[in-house]
Amino acid sequence: MLVELAIGDAYGGSFEHAYPSFVAEHNTLTGYVQHHGRLGVPAGRYTDDTQMTIAIAEVLVSGRRWTPLLLAEQFVRAYHRDPHDGYAPRFHQLLSEVRDGEELLRRLRPQSDKSGAAMRAGPIGILPTVDDVLYHAKLQARITHDTQAGIAAAQASALTVHYCHHRLGPLSEIARWIDAILPEDVGHGGWALPWPGKVGPQGWMSVRAALTTLATGRSLSGILRSAVALTGDVDTVATIALAAASRSPEVAQDLPPVLWRDLENGEFGRDYLAKLDEQVIRVA
Ligand SMILES: [Mg+2]
């Protein structure tokens with residue numbers, strides 16, 4: 001799951017908010033593409049989505065009881081040991097300034113309804129029950145996204161992985177299953193409504209877009225291409241969709257070898273993700 005979502009993030013990151021013509025020309029899965037606006041960032045480098053997911057996964061496998069401070073510490077640690085791009089500018093600035101989780105919690109105003117809490121929630125879906133998933137997704141969301149929409153998006157994102165990993169039914173039913181658990185959906189229509197096009201910044205938009213690609217996707221490569229083809233915040237859509245799809249028995253695990261090979265592989269790159277992934281899967 002972690003390598004696949006990082007591939008989705010790194011590949012999608014090159015197309016985040018890119019022009020539709022650029023996406024149409026380069027979204028071919030033949031390799032990582034240089035982002036037009038991020039000169040100097042090597043292709044194949046993942047973004048904030050994967051970095052924060054790593055932090056969540058590390059807390060998950062630690063076996064410790066989750067607290068806001070424990071998670072905040074890990075967000076700070078993950079960033080400082082290996083700074084990556086893609087964070088929202090104000091949060092990025094704050095992360096780079098704070099020394100520990102206590103300072104992060106003290107200085108943070110967790111009023112966002114954007115996608116940050118949803119993009120990192122995938123590993124939580126491995127937990128054994130829906131109640132576990134809802135509780136932990138909410139706890140981590142409230143650190144940065146203490147809004148009804150921000151929390152619901154994180155819970156829906158984690159439930160998407162939960163449904164696939166625990167084989168709760170066919171992919172075509174996943175969004176309706178989430179609708180039954182999170183029915184309030186804060187005024188933006190149900191999770192099963194197909195997402196029509198460009199993906200905006202709110203978390204529920206990325207989750208609904210990911211669910212749309214999962215509803216018809218039969219292969220990881222097909223899901224990745226259709227996620228990126230939506231345009232907009234597509235690294236997050238691809239991260240959420242591939243986290244779930246990589247755990248689904250219905251989805252062909254066919255990401256091109258070049259995307260595996262060229263994913264960054266420094267201290268916290270591909271090999272680290274693969275090892276951490278083995279530990280995450282054992283948590284279930
Ligand atoms: Mg990102």
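Me: How much space lies in the largest cavity?
Reply: Take a 1 Å grid over the protein atoms alone: a cavity is a set of points where a 1.4 Å probe fits but cannot get out. Points are joined across faces, edges and corners, and the volume is the space filled by probe spheres set on them. The structure holds one cavity of 30 Å³ or more. The space in the largest cavity comes to about 130 Å³.

Me: What pLDDT do side-chain atom pairs need in this predicted model?
Reply: Residues are numbered from 1 along each chain as its sequence is written, and side-chain values use heavy atoms, with hydrogens and water left out. The model is predicted, so totals for chains, interfaces and linings use all residues, whereas local features need pLDDT of at least 70 and side-chain atom pairs count only at pLDDT 80 or more.

Me: Which residues are closest to the centre of the largest cavity?
Reply: A residue counts as lining when it has an atom within 4 Å of a grid point. There are 16 such residues around the largest cavity. The closest to its centre are Arg38, Val41, Pro42, Arg45 and Thr47.

Me: Which residue does Arg45 meet in a salt bridge?
Reply: A salt bridge here is a side-chain nitrogen of Lys or Arg within 4 Å of a carboxyl oxygen of Asp or Glu. Arg45 makes one at 3.8 Å, N to O, with Glu264. The pair links distant parts of the chain, 219 residues apart: Arg45 sits in the loop between α2 (20-26) and α3, and the loop between α14 (257-261) and α15 (270-283) holds its partner, Glu264.

Me: Is Glu264 buried or exposed?
Reply: Buried means under 20% relative accessible area, exposed means over 50%, and partly exposed is in between (1.4 Å probe, protein chains only). Arg45 has 25%, so Arg45 is partly exposed. Glu264 has 14% relative accessibility, and therefore counts as buried.

Me: Which residues coordinate the magnesium ion?
Reply: Donors are N, O and S atoms within 2.8 Å of the metal (3.2 Å for Na, K and Ca), and because water is not among the atoms, sites may look incomplete. Along the chain the donors follow the spacing T-D-D-x185-D. At 2.1 to 2.4 Å, the ion is coordinated by Thr47 (OG1), Asp48 (OD), Asp49 (OD) and Asp235 (OD).

Me: What is the relative accessible area of Asp49?
Reply: Thr47 is buried, with 4% relative accessibility. Asp49 is buried as well, and its relative accessible area is 0%.

Me: How many of the residues of α13 are buried?
Reply: Helices are DSSP runs (H or I, at least four residues), numbered from the N terminus. Helix α13 covers residues 234-245, and among its buried residues is Asp235. The helix is largely enclosed by the rest of the structure, because the number of its twelve residues that are buried is twelve.

Me: Which helices do the buried residues of α13 pack against?
Reply: Contact means heavy atoms within 4.5 Å. The buried residues of α13 pack against α1 (2-13), α3 (48-62), α7 (116-119), α9 (148-165), α11 (203-216) and α12 (220-229).

Me: Which helix gives the most to the lining of the largest pocket?
Reply: A pocket is an open set of grid points with protein on both sides within 12 Å along at least five of seven lines. The largest one has a volume of about 750 Å³, and of its 31 lining residues, those closest to the centre include Phe91 and His145. At least two lining residues each come from α3, α5 (89-97), α7 and α13. With six residues, the helix that gives the most is α5.

Me: How many salt bridges does the structure hold?
Reply: Arg106 and Glu102 form one at 3.2 Å, N to O, and both lie in helix α6 (residues 101-107), four residues apart, about one turn. Asp146 and Arg142 form another, at 3.0 Å. Elsewhere, bridges that share partners join Glu97, Arg99, Glu103 and Arg107 into one network. The structure's salt bridges number ten.

Me: Which residues does His166 touch, beyond those up to four places away in sequence?
Reply: His166 lies in the loop between α9 and α10 (174-181). At 26% relative accessibility, His166 is partly exposed. Leaving out residues up to four places away, His166 touches Gly125, Ile126, Leu127, Pro128 and Ala284.

Definitions and conventions: Expected span 1.5 Å × (residues − 1).
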